[in-house]
Amino acid sequence: NAYSINETMRNTMVSAILLSLINKPFRLSYATEPTVASLSQSMMNAIDTTLTVGKVRNKLAIIGELRKILNDPIFMQERIKNKMTKAERSAIEVLKDIVTYLFRNVYPLTTMEHAGYDVLGRFYTEFIRYAGSEQKQGLVLTPAHVTDLFCDLADLTANDVLYDPCCGTAGFLVSGMKRMFREAGSDEEAKTRIRCEQLVGVEMRPSMYTYACSNMMLRGDGKSNIYCGDCFQTKDEVMANHRPTAAFLNPPYDVGTAEQLRFVAHALDVVAPQNGRVVAIVQMSCAIKDEKELVAVKEELLRRHHLKAVLSMPDDLFYPVGVVTCVMVFEANRPNAGRKTWFGYFKDDGFEKRKHQGRIDAKGRFKNEI
């Protein structure tokens, strides 16, 4: 904020810097770069190396997205003014301060594989408090305690292949990786398979795709199976190449209720050959409205699959975005007729709103377990 870095570029800048820091030569040399131009070039070279070693899909698309930060004034000017103090500083000093801050305070989180932090998701959630454009597009990122809850609801194991058809910053995949690592225990070969073969995502927005790939690379993902595109178009490729057994999703909410459930139906189609399960968080209206198109989608879902549970979630779960949601849990290939559905009232998750902090575990109730 102090140096007027473009709101839409902030997360991209954080993503670029953290990817650069994976590269050891960059970590050792960035502080000695004499100019903004040389630091920028060093950063882009480090990113290219990191993505090449990681065998990330669509490397050029990711680099193209990350290169957009070079058009921000902090990369274009020799000196930049602090909005609050009005004092000018050299841009290279400010950039080095940003890199050093992320290196000391954020990068260590990416090396803690069992912590399972959605690092870029946390940044993005903070940044959209100030930039409302994405909120209007129906983009709401799932809180970490809810992504962990999904792992419980699906009873995720070390042998599962987890799929997210609209993965955003990859929060569900990060939580899934953490849980699967825990289940794998000390089996390092199993953990390598989890990283390289058992985490699959699709994201349409180029910026969010970049964050998702970056997030997985930061978690030590050796071969990122994140696809850039429309999940309905990549469906056959995902099914043939990965055979997912579980799917987690938070579909876009601006598409309407029927379309949200079509995302759920898509996920069920993908896991159906493996008799898998799907956990989705959707608008409450998907469950309670009786619009003709929505009813038709629900009838088709229940004809083919078992709705195992529905949980009503806290009204302010996605604060500052005002949306009321529920979680639906499905078992594929088990028609719903004659089977019971469990309904849970999960309105109190222990989190409270705090000024300038959003919803937090203010009383430490989550240190143990609710």
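**Ground rules.** I number residues from 1 along each chain as its sequence is written, and I leave hydrogens and water out of side-chain values, which use heavy atoms. Since the model is predicted, local features need pLDDT of at least 70 and side-chain atom pairs count only at pLDDT 80 or more, while totals for chains, interfaces and linings use all residues. Helices (H or I, at least four residues) and strands (E, at least two) are DSSP runs, numbered from the N terminus.

**Helix 4 and helix 13.** I looked up how helix 4 (residues 59-66) packs on helix 13 (residues 206-218): the angle is about 110 degrees and the axes are 9 Å apart. Axes here are lines fitted to C-alpha atoms, for helices over the stretch in contact, with angles from 0 to 180 degrees between N-to-C directions. The two helices are therefore roughly perpendicular (65 to 115 degrees; under 35 is roughly parallel, over 145 roughly antiparallel, the rest oblique). I then listed the contacts (heavy atoms within 4.5 Å). From helix 4, Ile 62, Glu 65 and Leu 66 meet Pro 206, Ser 207, Tyr 209, Thr 210 and Cys 213 of helix 13. I sorted these residues into five nonpolar, two polar and one charged.

**Leu 268.** I found Leu 268 in helix 15 (residues 257-271). Leu 268 is buried at 0% relative accessible area (buried is under 20%, exposed over 50%, partly exposed in between, with a 1.4 Å probe and protein chains only). Leaving out residues up to four places away in sequence, I see Leu 268 touch Val 278, Leu 301, His 305, Phe 330 and Ala 332. Leu 301 is 33 residues away along the chain, with 8.8 Å between the two C-alpha atoms.

**Helix 6.** I checked the length of helix 6 (residues 91-105): its 15 residues should span 21 Å at 1.5 Å a residue, and the end C-alpha atoms are 21 Å apart, which agrees. The expected span is 1.5 Å times one less than the number of residues. Among its buried residues I noted Ile 92, Leu 95, Lys 96 and Val 99.

**Aromatic pairs.** My search of the whole structure gave nine aromatic pairs (Phe, Tyr and Trp rings, Trp by its six-membered ring, with centres within 6.5 Å; planes under 30 degrees apart are stacked, over 60 edge-to-face, the rest tilted). Tyr 253 and Phe 318 have ring centres 6.2 Å apart and planes at 80 degrees, so this pair is edge-to-face. Tyr 253 sits in the loop between strand 6 (246-249) and helix 15, and Phe 318 in the loop between strand 8 (306-312) and strand 9 (325-331), so the pair ties together parts 65 residues apart in sequence. Tyr 253 is buried at 9% relative accessibility, and Phe 318 is buried at 5%. I also noted a cluster in which ring pairs link Phe 26, Tyr 30, Phe 103 and Tyr 107.

Definitions and conventions. Nonpolar A, V, L, I, M, F, W, Y, C, P; charged D, E, K, R; others polar.
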